[in-house]
Amino acid sequence: MATARTGFALLGAVQVALIFTLMLLTVPLPLVARQFGLGPSGVLVLSAAYGLSFSSLLLLGGRLADRYGGCRVLRAGLALFGAASAACAVAPGFAALLAGRFGQGAGAALVAPAAVAVVRALHPGAADYRRAMATWGGLSVLGATAGSLISGVVAAWASWRWPFAVPVLVAALALVRSGGLPPAEPGRGRGPGLDLRGAVLATAGVCAASYGLVASTDHGWGTPVVLAPLAAGLVLLLAFAAAERRAVDPLLPPGFLADRRRATALAAVMVTATGTALTFLLLALYLQQVRDWDVLATSAAFLPYAAVLVLAGRLAAPLTARYGAVTVTAGGLAVAATGLALLAGLAPGSGYAVGLLPGLLLLPAGAGPAFAGAAVLATGGVPPERTGLAAGLFNTAMELGPTAGVAALMALAATRPTVVGGYAAAFAAGAAALALTGAAVATLPRTTRTTRTTRTTRTTRTTRTATSSESTIHIKEFTS
């Protein structure tokens with residue numbers, strides 16, 4: 001049986017690989033488009049395929065993990081994810097590559113919530129689980145950064161196909177080592193069914209609405225290619241909400257999102273994911289299309305971002321343990337908002353050192369803690385049999401950021417008369433969203449924490465006193 005440390009390291013590598021794969025084609029996408037002769041619609045669908053299938057299937061993946069056990073669903077998802085990644089690496093044409101990207105997303109939708117269910121089995125104590133999830137929250141943005149950097153460098157030196165080796169190898173390693181993980185099957189066999197009707201409605205609704213938002217970046221809001229999927233997605237999601245109220249064993253229990261802390265944390269995850277993905281996309285376009293940088297130089301421009309992100313990720317968990325998830329999340333969102341606000345000053349002649357670098361340093365400094373704290377808030381207080389559901393919602397918010405969130409901001413950018421002016425407007429709107437969400441998080445109540453007892457040679461009695469702060473502990477000792 002794997003120890004908690006080695007098991008978490010294995011699952012953490014899997015989580016990084018899932019988000020790495022999301023960003024894998026961001027920088028080399030123009031190279032892929034030239035090789036396969038893709039027009040705007042082809043580029044649009046290919047760039048969104050992984051995120052669409054990933055985000056739309058996560059609720060079902062979480063429910064499967066809760067019902068059939070984390071390890072079983074994890075292995076099935078890894079097999080699909082690895083096979084689809086290999087298919088992408090050798091895809092002879094656009095259709096095969098597109099199918100592979102959809103397959104990767106479907107596999108990832110099984111893996112992500114199942115991995116969190118196994119993490120909970122590795123850390124059964126509430127405090128240990130909170131610390132683990134604080135670290136887990138920072139892994140996603142690390143994966144996104146690695147995906148953009150590595151894919152750009154490898155595409156410039158070799159081929160855009162080689163980065164697909166990363167998810168193939170990680171999936172293979174995790175499959176081999178998964179036998180040592182705890183079974184994590186608290187919900188196996190419970191409940192009368194899987195709510196397949198709800199799963200179909202949720203999957204179709206999220207996918208249709210997300211595609212409509214993504215399509216708005218290349219088409220006007222009044223065009224059928226945008227309005228039709230948006231309307232269909234809205235109708236399907238309303239039907240899903242109605243169906244869940246009547247279902248005996250709903251895919252998403254109606255009251256699950258009524259928890260203010262959880263709902264606000266999911267909003268924090270989405271806006272932070274939107275801000276980080278937007279930065280990679282817009283600055284990659286700006287540096288290559290406006291400043292005529294090549295792919296390798298563009299990837300190198302994000303190295304300081306990556307360095308700060310690694311440091312912020314290492315500090316996020318101890319900061320969350322000391323100051324509490326609410327404080328760390330709100331503070332992280334404020335710092336990230338400041339970074340995007342600086343990037344909102346983007347102009348055609350903006351220099352790297354003065355115009356871009358300050359924002360590229362502040363954004364990851366805030367995003368790492370924001371993700372860590374939000375992960376604790378979004379998954380805390382959930383019974384074991386709903387761990388997969390909470391993880392599915394967390395990852396859904398994570399995936400909707402780079403798809404729906406970025407699409408909405410890109411649609412705003414398209415309303416400006418100049419390309420760079422549109423980029424600046426998108427950064428400004430993203431900064432405002434981060435700041436407003438940070439303010440909402442800051443109003444959340446701090447939960448009571450309990451403390452350790454101290455042992456002395458004399459009989460000691462410890463009284464735990466509730467406080468309004470997550471990090472303040474009062475101990476009263478009485479000796480006989």
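**Entry 1: the model and its overall build**

I am working from a predicted model. I looked up the secondary structure and found 16 helices and two strands in the chain. I then checked burial. Of the 480 residues, 53% are buried. Residues 24 or more positions apart account for 80% of them.

**Entry 2: cysteines**

How many disulfides does a search of the whole structure find? I got zero. Cysteine 71 has a relative accessible area of 3%, so it counts as buried, the cut-off being under 20%. Cysteine 207 comes out at 26% relative accessibility, so I logged it as partly exposed.

**Entry 3: the cavity**

I searched the whole structure for cavities of 30 Å³ or more and found one. The largest cavity has a volume of about 90 Å³. It is lined by 13 residues, and the closest to its centre are Ile19, Ala144, Ala273, Thr276 and Pro402. Which elements give two or more residues to this lining? I wrote down helix H1 (4-22), helix H6 (126-157), helix H10 (260-290) and helix H15 (387-413). Sorted by class, the cavity lining holds ten nonpolar, two polar and one charged residues.

I turned to the open space. The largest pocket holds about 1,100 Å³. I counted 42 lining residues for this pocket, and Leu29, Val43, Ser47, Leu281 and Leu285 are the closest to its centre. At least two lining residues come from each of helix H2 (29-36), helix H3 (40-68), H10, H15 and helix H16 (419-442). Which helix gives the largest share of the pocket lining? My entry reads H3, with seven residues. By class, I have 29 nonpolar, ten polar and three charged residues in the pocket lining.

**Entry 4: cross-check of the two linings**

H10 and H15 each give two or more residues to the cavity lining, and H10 and H15 each supply at least two residues of the pocket lining. H1 and H6 are on my cavity list. H2, H3 and H16 are on my pocket list.

Notes: Residues are numbered from 1 along each chain as its sequence is written. This is a predicted model: local features need pLDDT of at least 70, side-chain atom pairs count only at pLDDT 80 or more; totals for chains, interfaces and linings use all residues. Side-chain values use heavy atoms; hydrogens and water are left out. A disulfide is a pair of cysteine sulfur atoms within 2.5 Å. Buried means under 20% relative accessible area, exposed over 50%, partly exposed in between (1.4 Å probe, protein chains only). On a 1 Å grid over the protein atoms alone, a cavity is a set of points where a 1.4 Å probe fits but cannot get out, and a pocket is an open set with protein on both sides within 12 Å along at least five of seven lines; lining residues have an atom within 4 Å of a point. Grid points are joined across faces, edges and corners, and a volume is the space filled by probe spheres set on the points. Helices (H or I, at least four residues) and strands (E, at least two) are DSSP runs, numbered from the N terminus. Ala, Val, Leu, Ile, Met, Phe, Trp, Tyr, Cys and Pro count as nonpolar, Asp, Glu, Lys and Arg as charged, and the others, Gly among them, as polar. Contact means heavy atoms within 4.5 Å.
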